[in-house]
Amino acid sequence: MASDAEEKEKTGEAMVATPGPVQRPEGLAEVEEEPPKTPEPKRVYEAGTQVSCKASFDGQNHPAEVVDRRRVGRTDTAGADDGGAYLYYVHYLEYNKRLDEWVEHGRLSPITSPAELKKCDSLRSPSVLSPRHDAGPGQLERKVTRNLKRRYDEIHHTAPDVEDLTPAERTLEKEHEEKTKVKNIQMIELGKYELDTWYYSPFPDEYASAFKLFFCEYCLKYMHSKKTLVKHMHKCQARKPPGREIYASTRPPSVRHKNPVCFHEIDGAKDKRYCQSLCLLSKLFLDHKTCYYDVEHFWFYVLTERDAQGHHIVGYFSKEKNSQEGFNLACILTLPSYQRKGYGKLLIAFSYELSKLEGKVGTPERPLSDLGLVSYRSYWTRVLLGLLRDYKGSLSIKDLSTLTAIRTEDIVQTLQTLNLVKYYKGQHILNVTQRAVEEHLKVHKLSRDVAIDSSRITWKPHAAPNSSSKKK
Ligand code: ZN
């Protein structure tokens with residue numbers, strides 16, 4: 001089958017097994033009856049095939065790669081394999097993995113022109129499992145190494161050298177990649193929202209292949225059915241996250257918001273089950289590291305909107321209890337139902353408020369998700385422009401860092417993109433005029449309305465845990 005597919009790809013034909021042309025004696029063609037039409041078998045697309053696929057997000061065709069396929073309907077389709085008997089899981093080469101989806105056969109078409117194939121090749125991300133055949137040994141090695149390292153970072157929440165991996169570990173990494181390429185749970189219900197998920201998440205086996213999971217929005221217990229959830233909601237006493245309330249606003253954070261917000265601090269070692277559920281839930285919307293089961297070394301800060309029914313989870317960030325690298329945030333997520341409301345920046349702002357109370361500067365752990373990076377860039381830009389506009393007197397980069405708890409490297413990087421810093425005699429110095437700041441502010445309108453009222457934070461820094469409790 002595969003060799004046949006390859007052969008057809010080379011010649012640029014659509015792979016349909018039509019019978020050869022019927023030889024007819026000349027002159028008889030017109031009078032002969034049309035033979036009864038049998039439907040042509042549809043091409044089966046193998047994993048790794050590059051195709052053009054009509055996407056759900058805009059209804060247009062985009063270059064894509066088949067990641068997986070599964071049989072649907074009758075399994076006893078007459079005769080050989082028919083492409084129409086499958087659903088295909090596709091990754092759009094130009095887009096983030098969150099848009100990967102299952103599609104029916106009719107939305108796929110083969111890519112045949114050499115120019116299009118070349119474009120696809122250049123878009124394909126490197127993969128351990130399907131290295132490009134044209135990659136030379138050196139090229140392949142680099143790709144494998146980079147990819148493995150990324151996977152390893154994701155799973156272990158750390159960044160060891162990939163050279164340290166034994167062959168057995170490499171095999172495990174490959175298996176892990178294979179398993180996580182296809183999104184497992186398609187949908188969840190959480191409070192009043194039904195959400196389409198974005199990515200694979202490692203739920204325990206009995207839940208891992210459910211089409212939809214039902215979450216208690218307060219204790220985050222997840223269930224298979226609505227019926228079980230309804231029963232649970234009658235019994236469940238929780239109406240807010242566990243842990244301690246450390247921030248409660250009296251008003252909504254802006255005129256755009258309806259309800260006041262709160263932060264709860266949860267100890268991963270104490271409320272382990274809640275924090276594990278939170279990590280599994282968030283992994284459905286994050287394409288990289290989360291800590292899953294290794295939660296005891298982290299604090300979790302859960303943001304909620306408060307109304308008469310209770311506290312509704314909006315998002316959270318986690319923070320390593322004792323970060324040697326000065327990370328003040330490990331994972332950050334705003335649930336899709338609350339995105340585009342400024343909550344990402346509110347979570348980031350809160351993480352820096354905690355750093356200020358600790359008398360430290362902080363920075364988020366890398367890599368950040370694409371959405372996380374957008375929120376951070378926006379937060380840093382707004383905070384720094386606001387300070388540069390309002391501050392009277394002279395300021396150094398160090399001063400900016402002290403005032404904001406933002407690490408100097410992040411400040412320099414942000415100001416470089418705004419062209420507000422220059423390199424002079426071996427160091428970066430501010431190169432700011434009020435006019436330049438005003439110009440930038442026209443673009444980056446300061447929404448000072450979504451802000452933390454630091455006077456309402458009831459939190460004190462934790463004593464550093466002794467070194468024996470430091471994570472591996
Ligand atoms: Zn519950």
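This is a predicted model: local features need pLDDT of at least 70, side-chain atom pairs count only at pLDDT 80 or more; totals for chains, interfaces and linings use all residues.
Reader: Is N419 buried or exposed, then?
Author: N419 counts as exposed, because it has 11 C-beta neighbours inside 10 Å. Its place is in the loop between α11 and β17 (421–424).

Reader: What is its phi?
Author: The phi of N419 is positive, about 60 degrees, although the residue is not a glycine. Most residues other than glycine have a negative phi.

Reader: And A405, what phi does that one have?
Author: A405 is not a glycine, yet its phi is positive, at about 65 degrees. A405 sits in the loop between α10 (397–404) and α11 (408–417).

Reader: Buried or exposed?
Author: A405 is buried, because 21 other C-beta atoms lie within 10 Å.

Reader: How do α10 and α11 cross?
Author: Their axes come within 9 Å and cross at roughly 115 degrees. That makes α10 roughly perpendicular to α11. The crossing of α10 and α11 is right-handed.

Reader: Which residues meet there?
Author: From α10, I397, K398, L400 and S401 meet T408, I411 and V412 of α11. By class, this contact of α10 with α11 has 4 nonpolar, 2 polar and 1 charged residues.

Reader: Changing topic: where is the cis peptide bond?
Author: The cis bond joins R366 and P367, with omega at about -5 degrees. P367 lies in the loop between β16 (363–364) and α9 (370–390).

Reader: Now the open sheet. What is the strand order?
Author: The order is β7-β6-β8-β9, an open sheet of 4 strands with mixed pairing.

Reader: Which strands stand at the edges?
Author: The edge strands are β7 (193–196) and β9 (222–223). Each has a single partner strand, so one side of each is left without a neighbour in the sheet.

Reader: How many bridges join β6 to β7?
Author: There are 4 bridges between β6 (residues 187–190) and β7, and the two strands run antiparallel. In β7, Y193 stands opposite L190.

Reader: Last, the whole chain. How many helices and strands does it have?
Author: The protein chain has 12 helices and 18 strands. Of its 472 residues, 28% are buried.

Reader: What share of the contacts with a separation of 6 or more is between residues 24 or more positions apart?
Author: Such residues account for 56% of those contacts in the protein chain.

Note on methods. Residues are numbered from 1 along each chain as its sequence is written. Two strands pair if DSSP finds at least two bridges between them. A residue is buried if 20 or more other C-beta atoms lie within 10 Å of its own, exposed if 12 or fewer, and partly exposed in between; C-beta atoms are placed from the backbone. Two residues are in contact if their C-beta atoms, placed from the backbone, lie within 7 Å. Axes are lines fitted to C-alpha atoms, for helices over the stretch in contact, and angles run from 0 to 180 degrees between N-to-C directions. Angles under 35 degrees count as roughly parallel, over 145 as roughly antiparallel, 65 to 115 as roughly perpendicular and the rest as oblique. A crossing is left-handed if the near helix is turned anticlockwise from the far one by less than a right angle, and right-handed if clockwise. Ala, Val, Leu, Ile, Met, Phe, Trp, Tyr, Cys and Pro count as nonpolar, Asp, Glu, Lys and Arg as charged, and the others, Gly among them, as polar.
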